[in-house]
Amino acid sequence: MSFLGDVALVAGKDLRTELRSRDQIVTLLFFALLVLVVFNFAFDFTVIDFVSLGAGILWVAFIFSGVLALSHSFQIEREQDRIQGILLAPIDRSAFYLGKVAATILFMSAVEAIVVPVSVLMFNYRFSARVALVIPILILNTVGFAAVGTLFAAMTTQTRRSELLLPLLLFPAAVPIALAAVKTTSQILAGRPFDRYASWIALSAAYDAIFLSAAVLLFDYVLEE
Amino acid sequence: MTAAPAGRRAPALLALGLSRHYGPHAALDRIDLEIPAGEFVALLGPNGAGKSTLLRLFATLIRPTAGRLEVHGLDPRRAERAPLARRIGLLSHQTFLYDHLTGLENLLFYARLYGLPDAPGAARAALRAVGLEDRGFDLLRTYSRGMQQRLAIARTLLHDPDIVLLDEPFTGLDPEASDRLHERLGGARAAGATCVMATHDLGAGLRLADRVVVLVSGRLVADRPARELDPPSLGALVRQAAREPDAAWSAP
């Protein structure tokens with residue numbers, strides 16, 4: 001099978017198991033919506049404009065639910081030592097990495113597709129075409145977060161306290177992408193011109209490229225026991 | 001990469017001073033073992049003897065802390081991984097299978113991972129070989145422990161590996177499935193596969209093996225041809241080896 005075929009095989013397996021169990025997507029969605037509800041009670045959005053806080057609220061929900069997605073994704077491989085079955089197979093380990101990244105992106109995107117419209121309604125944001133501009137930004141930054149998150153999730157998966165270690169290692173490394181995501185989203189929601197946030201988009205794109213390339217090159221060593 | 005001398009076929013597995021440490025604990029300590037291609041070796045020893053660690057080293061899942069390992073004359077650290085991986089099948093304590101996939105989907109997933117030319121055909125044939133064709137469309141989580149073990153055996157042999165590594169393969173199997181596994185392993189051996197089987201079942205070990213190797217506390221303490229042993233003498237050998245690991249037992 002080709003490299004891309006192996007990537008699709010791993011991602012397809014994750015999607016199929018998730019469609020059957022629905023363990024992950026329900027947890028992620030519940031968690032993300034809970035974040036929105038908490039912020040809705042914490043701030044009076046009849047006084048505060050959603051534009052000033054919305055980007056932060058959305059990315060808090062996406063990043064924390066993303067950590068849950070990553071943790072769950074590798075927990076499945078840890079149970080029954082399934083990751084050993086993958087490591088035994090004659091596939092490029094970076095295909096396994098990219099398959100996991102692709103599945104995480106899809107799970108996070110599914111959550112985002114529900115959470116964004118719900119937040120628009122919940123926080124009385126006046127719907128405009130600007131919201132559509134946020135979509136590519138969500139994709140760009142979700143790719144970066146999934147790329148770095150999958151790398152760290154794989155690194156911690158064979159450790160005893162992986163659930164604790166993953167956020168401890170991931171959050172500092174994810175600061176640039178989180179910062180870029182929040183800044184770009186808030187600038188777009190506020191209707192600022194492109195040149196005000198172009199540098200943040202460049203940062204996100206560079207982050208995606210660096211982490212995806214580095215992880216593809218290093219993933220063989222990451223999974224060594 | 002190390003090549004065997006001309007005219008001599010490289011052993012399927014060669015361990016020279018092979019050690020594996022976990023922190024200060026030596027799971028395996030300077031193991032010297034040569035397993036020619038086509039031989040069936042039973043690996044015996046008490047719990048914690050290092051049998052599973054040795055199988056995982058042979059499967060190239062972990063690296064030795066010291067010593068040298070060769071698989072068909074190749075050093076796994078230097079050789080290309082994929083061709084070597086295609087030649088090895090490992091049945092571990094864990095099944096490596098996914099609860100939310102059906103039996104057939106699990107085998108299909110592995111058949112595709114191994115790049116088998118007719119993955120659906122190979123998956124169906126493997127399912128038939130372990131007598132699970134009627135349950136192929138059921139989710140794995142509905143299988144009993146014994147059925148999961150049968151499916152794990154099908155996964156291990158799916159790609160016709162020429163090195164078959166088995167860790168307690170008879171666990172959870174009913175007598176019929178046990179007989180079927182004996183038959184499968186006999187067939188694999190007849191086809192020239194090298195088998196290494198860790199087991200506590202002395203009868204099964206002797207019935208299948210050409211050679212019996214006993215490990216105690218990470219050390220190889222006995223190495224005998226199976227034909228010299230019967231279950232009572234093998235039981236006595238294992239117990240004696242566990243009591244006196246320093247006695248010289250290696251007398252093939």
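In this predicted model, strand E3 (residues 40-44) of chain B pairs with strand E8(B) in the parallel sense, over 4 bridges. Within that pairing, B:Leu43 stands opposite B:Val213 of E8(B).

E8 itself covers residues 211-216 of chain B, and 6 of its 6 residues are buried. In a regular strand the side chains alternate between the two faces of the sheet. In E8(B), one side carries B:Arg211, B:Val213 and B:Leu215, the other B:Val212, B:Val214 and B:Val216, and both faces are covered.

E8(B) is also joined to strand E9 (residues 219-225) of chain B, by 6 bridges, and these two strands run antiparallel. B:Val212 has B:Arg224 in E9(B) as its bridge partner. The two strands make a hairpin with 2 residues between them, and B:Ser217 in the turn has a positive phi of about 50°.

Helix H2 of chain A takes in residues 23-42, 20 residues in all; at 1.5 Å a residue H2 should span 28 Å, and its end C-alpha atoms are 29 Å apart, which agrees. The buried residues of H2(A) are A:Gln24, A:Leu28, A:Ala32 and A:Phe39. Viewed down the helix axis, these buried residues fall within an arc of 50°, so they line one face of H2(A). They pack against three helices of chain A: H1 (3-21), H3 (50-78) and H5 (93-122). On the face of H2(A) turned away from the buried side are the exposed residues A:Val26, A:Phe30, A:Val37 and A:Phe41.

How values were computed
Residues numbered from 1 in each chain as written. Chains lettered and ligands numbered in written order. Predicted model: local features only at pLDDT ≥ 70, side-chain atom pairs only at ≥ 80, totals over all residues. Expected span 1.5 Å × (residues − 1). Buried ≥ 20, exposed ≤ 12 C-beta atoms within 10 Å, placed from the backbone. Arc of directions from axis to C-beta. Contact = placed C-beta atoms within 7 Å. Pairing = 2+ DSSP bridges.
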